[in-house]
Structures are given as C-alpha cells and as structure tokens.
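Dear colleague,

My notes on it follow.

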Amino acid sequence: MKQVDAVAQSRFLRACRREPVDRTPIWLMRQAGRYMPEYRALRQKYSMLELIRTPELAAEVTLQPLEAFDLDAAILFSDILPILSPMGLQLSFAEGEGPQIANPVRTRQDVARLRAVPAVEGLSFVLRAIEILRPILDQRGIPLIGFSGAPFTLAAYAVEGRGTRDHLRVKGMMMADEASWRALMSLLADAVGDYLLAQVHAGAAAVQMFDSWAGVLAPDDYRDLVLPYSRRALEIVRRGAPDTPIIHFSTGTAGLLELFGALGADVIGVDWRIGLSDAWGRIGPSHALQGNLDPAVLLAPWEAVQPRVQRVLQEASGRPGHIFNLGHGILPGTPVENVRRLVEFVHGSRD
C-alpha cells in the first residue's frame with residue numbers, strides 16, 4: 001500500500017494534477033530506443049513486433065532507461081499501430097522503412113470489413129506487459145504511462161498504408177466521402193478509448209494519446225472531423241477511470257492549440273515550435289503542459305544544450321503543472337551522456 005501511495009504522490013502525477021512538486025518531473029518520449037546500447041543489443045536478436053508482442057521483452061525494454069537515468073515516469077514500450085491488427089489490418093515493420101499496412105482502408109467496403117475487437121482479447125500481450133511492470137515500478141514509486149495512437153493518426157496509417165508527408169489519401173477520404181470517414185473514425189475512437197481504459201485497469205497510472213499527424217490539418221477540418229472522435233475516445237477513459245491523468249500529445253499543432261482545451265485531457269503536450277508561456281496563454285491555465293525541448297538539441301555538445309533546457313524551465317517558472325519532456329521522441333544517435341545530464345539538470349534546477 002505504501003508503494004502504491006508513493007506512485008499516487010509521485011511528482012509526475014502531482015504535476016499532471018497541477019499540484020505543487022519539489023522539482024520539475026521529467027520523462028522522455030522514446031526514452032527506451034535506438035540511442036541506448038542495451039536496446040540495440042535486443043534488436044539484434046528480435047524484430048520490433050517480437051519485442052512488442054512478447055510481454056517479458058516489452059517489460060525489459062520499458063525498464064532499460066529507468067536503470068540508466070533518474071526518470072520520474074516509465075512509458076510502456078510498444079507502438080501506436082498494433083491496435084490496428086485485431087481489426088483486420090496486416091501490419092509489418094520494414095527495416096529502414098517504418099510501419100506498413102498491406103491491406104489499407106480505401107473504400108466504404110474496406111471500412112465495413114474492419115472488426116471491433118476488445119483490447120483484452122486483441123491486445124492481451126500489451127496488458128500482460130503492464131501487469132509484469134506494475135509491481136516492479138510500485139516498489140520504486142514510479143508511475144507507468146500507457147498509450148495509444150489517436151483516431152486521426154491511426155486513420156492516417158490505415159488509409160495511407162504507411163507514413164507519408166502529404167497525406168493525400170486520408171485527406172481525400174475525409175473530404176470526398178465524409179460518411180465513410182465518420183464511420184472509420186467512430187470505430188477507431190471506440191477502440192482507442194477501450195484500449196486506453198484496459199491499460200489503466202491493467203495497472204497504468206496515466207495514459208497518453210498520440211496524435212502525431214494532427215499538424216497536417218487545417219483548424220476547421222480538425223475541429224469538425226477529428227476533434228469529436230479524439231474527445232469521444234478520452235471520454236471513455238474518463239468515465240471508466242475518472243482519476244487517471246490523460247495526456248494529449250501532438251506535434252506541429254501550434255495552430256490548433258485553442259481547440260485542444262475541448263479534448264478532455266489533463267495535460268497537453270507542446271512541441272518546440274511555440275513557447276510554453278504562449279501555449280499556456282492560448283490553451284488556458286486549467287491544463288498542465290508537457291514539453292518542449294527540440295529533440296535535435298540533445299545531439300549538440302552539452303554546452304549548447306544546457307541554456308536551451310534552462311530556457312524551457314524558465315518559461316514554465318512559477319506555474320503549476322509543468323512536465324519536462326521533448327517535443328517529440330529521442331533521436332537515434334543522441335549521446336547517452338546528454339540524456340543523463342539533462343535529467344540531472346532538470347532535477348537540480350530550482351528555476
């Protein structure tokens with residue numbers, strides 16, 4: 001019980017609730033990944049999907065950065081796209097090319113063939129990894145973050161079949177076949193909400209919804225054709241786990257910030273393209289903010305990194321509810337020593 005209380009009162013969860021903290025909490029997106037030699041050693045033995053779908057391996061990778069750095073939260077090692085496989089989409093990860101879907105969704109008939117499968121059935125390996133991790137992390141007083149892709153970002157991959165810069169196919173469905181679009185987004189919203197809630201029930205202390213591609217949208221299209229479905233997914237979590245903090249992450253979305261207040265998230269992730277003080281002014285003071293160092297900064301010598309980290313901390317000075325993070329994931333090639341010094345500097349800072 002004492003360990004569980006320690007998690008609930010951890011500085012990360014306190015910051016999510018905009019409560020006072022002794023120092024700024026820090027965790028990093030992709031904090032387990034290719035910049036760590038321990039991760040690269042495992043990837044020489046196992047494919048990406050093998051790591052994700054083997055609970056013991058996913059738990060091992062999740063813990064790797066916590067063994068190396070004094071981080072304030074763990075995020076489950078997984079990916080945003082396995083949620084699509086139980087629906088009937090054929091997902092693979094091609095080395096050097098990223099995720100690919102062999103049977104993308106292009107027509108009304110394609111949408112109709114998708115299946116709604118509860119996360120406890122289709123994604124049980126993710127939930128098992130959380131069950132393995134929770135007692136380990138409870139002993140350390142460290143909260144675990146579960147996550148999912150957001151409906152739009154999942155739709156983008158499902159329709160395009162792979163990552164793309166122009167998103168012509170997904171925008172085409174959105175604009176030319178609104179009925180099919182809304183049917184697809186409804187299915188995805190319910191699946192995302194169910195998946196996030198299942199992770200909470202398995203032991204996640206907070207959840208993050210990644211809308212990685214929302215920045216390609218015009219504000220009107222986001223407000224009318226995307227936001228209602230992101231909100232629907234988060235409402236499922238809120239009804240089932242009202243006290244669990246919810247984080248919404250996106251990038252390249254400075255033009256959408258005013259709309260994010262209607263999502264129902266507790267914490268809004270902000271990237272480096274806008275200052276934290278400006279973002280708070282546009283989102284409003286009732287939300288915590290997460291961010292917002294440019295991940296490319298960590299590739300520079302520490303002498304160039306430190307003043308930029310200090311600038312982020314100063315932007316957040318005096319405000320409750322700041323969680324230090326990058327504006328996106330840690331880049332391959334990032335020096336491990338820079339990550340260590342970053343964590344130490346953030347924890348040592350008193351603004």
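Setting aside neighbours within four places in sequence, serine 250 is in contact with Asp211, Phe260 and Gly269, contact meaning heavy atoms within 4.5 Å. Serine 250 belongs to strand S6 (residues 246–250); strands (E, at least two residues) and helices (H or I, at least four) are DSSP runs numbered from the N terminus. Serine 250 counts as buried because its relative accessibility is 1%, the limit being under 20% relative accessible area with a 1.4 Å probe, protein chains only. Its side chain makes a polar contact with the side chain of threonine 253 at 2.7 Å (a pair of N or O atoms within 3.5 Å, one able to donate a hydrogen and the other to accept it).

The model is predicted, with local features requiring pLDDT of at least 70 and side-chain atom pairs pLDDT 80 or more, while totals for chains, interfaces and linings use all residues. Residues are numbered from 1 along each chain as its sequence is written, and side-chain values use heavy atoms, without hydrogens or water.

Asp211 and Phe260 are also among the contacts of tyrosine 222, as are His248 and Leu263, again leaving aside neighbours within four places in sequence. Tyr222 is one of the residues with the most contacts inside the largest nonpolar core, which has 134 residues (buried Ala, Val, Leu, Ile, Met, Phe, Trp, Tyr and Cys joined through side-chain atoms within 4.5 Å). Helix H11 (residues 178–202) gives the most to this core, with 14 residues.

Yours sincerely

Key:
Buried < 20%, exposed > 50% of the residue type's maximum accessible area, 1.4 Å probe, protein only.
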